[in-house]
Amino acid sequence: MQSKLPSHTEYVIVGGGIIGLSIAYHLTRLGHRDVLLLERDQLTCGTTWHAAGLVTQLRSNENMAKLAQYSAELFRDLEQLTGQPTGFRQSGSITIASTVSRMEELRRGSSMGRSFGLEVEMIDAAEAQRRVPLLDITDVLGAAWIASDGMTNPIDTARAFAAGARSGGAKILERSQVTRIVVEKGRFLGVETAEGLVRAEKAVICTGLWSRNVAADLNWTVPLHAAEHFYIVTEAIPGLPTDLPTIRDMDGKVYAKPDAGKLLVGFFETHAKPWGIDGIPRDFSFDSLPEDFDHIEPYLAAAIARMPALAHVGLQLNFNGPESFTPDNRFLLGPAPDIAGLFVATGFNSCGIESSGGAGKVMAEWMSTGVPANDYWEMDVRRAMPFQRNRKYLYDRTKEAVGNLWNLHWPHKSPRTAREVRVSPLHDRLAQAGANFGEVAGWERVQWFGPNDSAPASHATFTRDEWFGQSGEEHDATRSGVALFDQTSFAHLLVQGNDALALLQRLSSNDIDVPVGRIVYTPWLNERGGMESDVTIARIGDEEFLIVTAAVQRIRDLAWLRMHAKGAGNVAVTDVSSGYATLSVMGPRSRELLARVSPADFSEANFPFATAREIEIGYGLALAFRMTFVGELGWEFHVPTEQTLGIYDALVAAGRDLDLRHAGYVALNTLRLEAGYRDWGSDVGDEDSPLESGLGFTVAWNKAEDFIGRAALEAQRGKTPRRRLVQLAVSGAAPLMFGTEPVWRNGTLVGYLRSAGFGHTVGCGIGMGYLNAETGVSPQWLSDGTFEIEIAGERYPAVASLKGFYDAGRTRVKGEWHKAEDLVSFELRAAFSAKPADR
Ligand SMILES: Cc1cc2nc3c(=O)[nH]c(=O)nc-3n(C[C@H](O)[C@H](O)[C@H](O)COP(=O)(O)OP(=O)(O)OC[C@H]3O[C@@H](n4cnc5c(N)ncnc54)[C@H](O)[C@@H]3O)c2cc1C
């Protein structure tokens, strides 16, 4: 029998759910004909067939929002484009709030939506009931209305993608299981099936629930786990309006959509039921899971309380089906870090239908060109840490992941489950000192220090909770005295060999050819001049460099280094992160403290800014970096892991009478915001060039070696950028800002904040974000404008500046002494007479 499979194809897509089909469709839209999709059983037989089909667009960042908005727009036209009806109806959505905090979250969300171009209208309870007469509004405080949201039929929508892909030339084969993904020398080679090997240039894994295991066979971490997901469908409800919008009651954890005269009501339970830890059955196809009435009963009761008509109708269907959830509730898109040509698109956390159009487009572009069209870091699979393919970790986190989608996202909230996976050697000492830990990349990191054994952040509020005062004191101590930060979550990468310098010169826009003992902060750019990463590189030998990068950037940076090290001659790249802990001693009295624990000379002349050297400290040795991320005199100590406790104890003992203060990451963030330091992943990313983000000083135009992204930067050089990162501030009396707040100039929306916090030294709410101007964002454009920042629907007068609001001359960093009040920017003082008393 002749095989139906080709021996070679350009693109192979593994999995025929809505995501794989959308990628196939979008690849053909880009003009690719040589596209093969292989489905284990029948199209949509995994999760897609049983989805509820709600289509909503409000997301937490701009590019995710655009992805959802594109999906909704595409669904409107998909039938016409493919000839296959989809069942899409743009009937709007209504999200109600019955608690003060939820109302605040909705108001903030509606402001955010506006900044991303999505029309979100806040309406009162009576208007909500007018639009949805079913609702009991006794406790409703208000609602958000999005007219462009809607609902679709998942199977028909997937079929439309299939029809469009086929007519564009793609081959879609059912009952064609991929049994192995073949990789050779770090490159994807092809896929194996019962009928043999299909060689291909590029592949994407879209295997939904099965994806963790497919990737784990390649030692690749794609962290997701299935959870049971429940909805019911009622019998016909007499008089149910046919044009009802979809309904979401996030406080009750209930959603509903009209379904041919009936109601489909689904739940996001607080304690979910993970499923399939031992693997997804091979023959699981158009299957459902057993009902569990006891489990959904409290949520059904909440649904009845919200829509009393439900009490008088019978149930036609009590459905339970599995869906994939990720540890941080974000999708998993993008390339395998160590396997060229292999991609993934999975982990949709109950949003796979409404995201399918955008995810398909994003992935088709990414696979086609090799680079994402926009900054999708939020969803990028390279954020996954290797330990995250541990199944017990995934199982335990998934209990919480379903509810977390709709739990309130209050400031500094961290997951409760599967914690203490990665801990600093100081963990217990810090806990005794009152540390309140949050989680980043599996690390327990101190957010702030409270009283001894203080409880984790658990207050569902956007106002000045415990963390505000505590971190404010840490902030002040760093400015006025000396503070100790545990930054052990930093990743450390060693690059060695005769060609190490050449490699780093090619990757870095700054000049790395510095004397041994110098430190360079540099972006790593992509070809379009965007910042793939930013790192600190210490030259610790003629042919040896230690790279320090953020915890979340570890896998991405390592992959970038290794990819470019291939064929770059004699160069070895080693991840030595677990070998180092990092203690940072920051503040004007840091020198005084260090003199007590180390014989090293920390004077300006002997240990100037941006230098590194080995020093003796306590009974140990440390690699000391004269660096700061808080805008103060200070040193980072990179110490062998096993010496950390001793060195910490020595510092704490010596610092007792200097009022050495323990400080956490909330203070670190507010300190760096005041000083105007950029945070990669928030303020800068792979779409933002150093020239747009005010990091022009990191571009060594005169270095002899070419570097990636140089041509793109040359094209921007000398021009006033049309978008530029700007620092903004509002009065200390305004509500707190956390990032994504819209920025208005002369009544026109010109951008939004990428990150924000409270500047305790300047006494104002501060943030930074890219502003846009056709004529260019120049100092003149800033000084001519009247700025406002929208916070939870209200606009507040704002000051805009190209410089940081605290010590723009970096005098403190250079070790000079001036009173902190005198270092607050003049324009801020003039605008708000900012003083710490405003707190
Ligand atoms: C009860 C419920 C309600 C939901 N409601 C909504 C909603 O209202 N809105 C929304 O946006 N989302 C909703 N979702 C989520 C949505 O259904 C999913 O996110 C989406 O279907 C995921 O699509 P997928 O293509 O990634 O996965 P799947 O549809 O599971 O597709 C994966 C495919 O890969 C195939 N496969 C696996 N292994 C192999 C292999 N080795 N070789 C070849 N093929 C293979 C499988 O057979 C399967 O067909 C809901 C989910 C559930 C469970």
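This is a predicted model: local features need pLDDT of at least 70, side-chain atom pairs count only at pLDDT 80 or more; totals for chains, interfaces and linings use all residues.
## The chain as a whole

The chain contains 19 helices and 39 strands. Its radius of gyration is 27 Å, close to the 28 Å that the globule rule gives for 839 residues, so the chain is as compact as a globular protein of that length. Along its principal axes, the C-alpha trace spans about 80 × 65 × 55 Å.

Of the 839 residues in the chain, 61% are buried, and the accessible surface of the chain comes to about 31100 Å², with 50% of that area belonging to carbon and sulfur atoms. When contacts between residues at least 6 apart in sequence are considered, 72% of them join residues that are at least 24 apart.

## The shell around the ligand

There are 36 residues around the ligand, and those that come nearest are Glu39, Thr48, Leu54, Glu323 and Glu354. By type, the residues of this shell divide into 16 nonpolar, 16 polar and 4 charged. The elements that each supply at least two residues of the shell are the helices α1 (18–29) and α8 (352–369), together with the strands β12 (225–234) and β17 (315–325).

For Cys351, a backbone N or O atom lies 3.5 Å from an oxygen atom of the ligand. On its own the ligand has 1000 Å² of accessible area, and the protein covers 97% of it.

Note on methods: Residues are numbered from 1 along each chain as its sequence is written. Side-chain values use heavy atoms; hydrogens and water are left out. A residue is near a molecule or strand if one of its heavy atoms lies within 4 Å of it. A polar contact is a pair of N or O atoms within 3.5 Å; within protein, one must be able to donate a hydrogen and the other to accept it, and residues adjacent in sequence count only if both atoms are side-chain atoms. Accessible areas come from the Shrake-Rupley method with a 1.4 Å probe; for residues, only the protein chains shown count as cover. Helices (H or I, at least four residues) and strands (E, at least two) are DSSP runs, numbered from the N terminus. Ala, Val, Leu, Ile, Met, Phe, Trp, Tyr, Cys and Pro count as nonpolar, Asp, Glu, Lys and Arg as charged, and the others, Gly among them, as polar. The radius of gyration is taken over C-alpha atoms; the globule rule is 2.2 Å times the number of residues to the power 0.38. Buried means under 20% relative accessible area, exposed over 50%, partly exposed in between (1.4 Å probe, protein chains only). Contact means heavy atoms within 4.5 Å.
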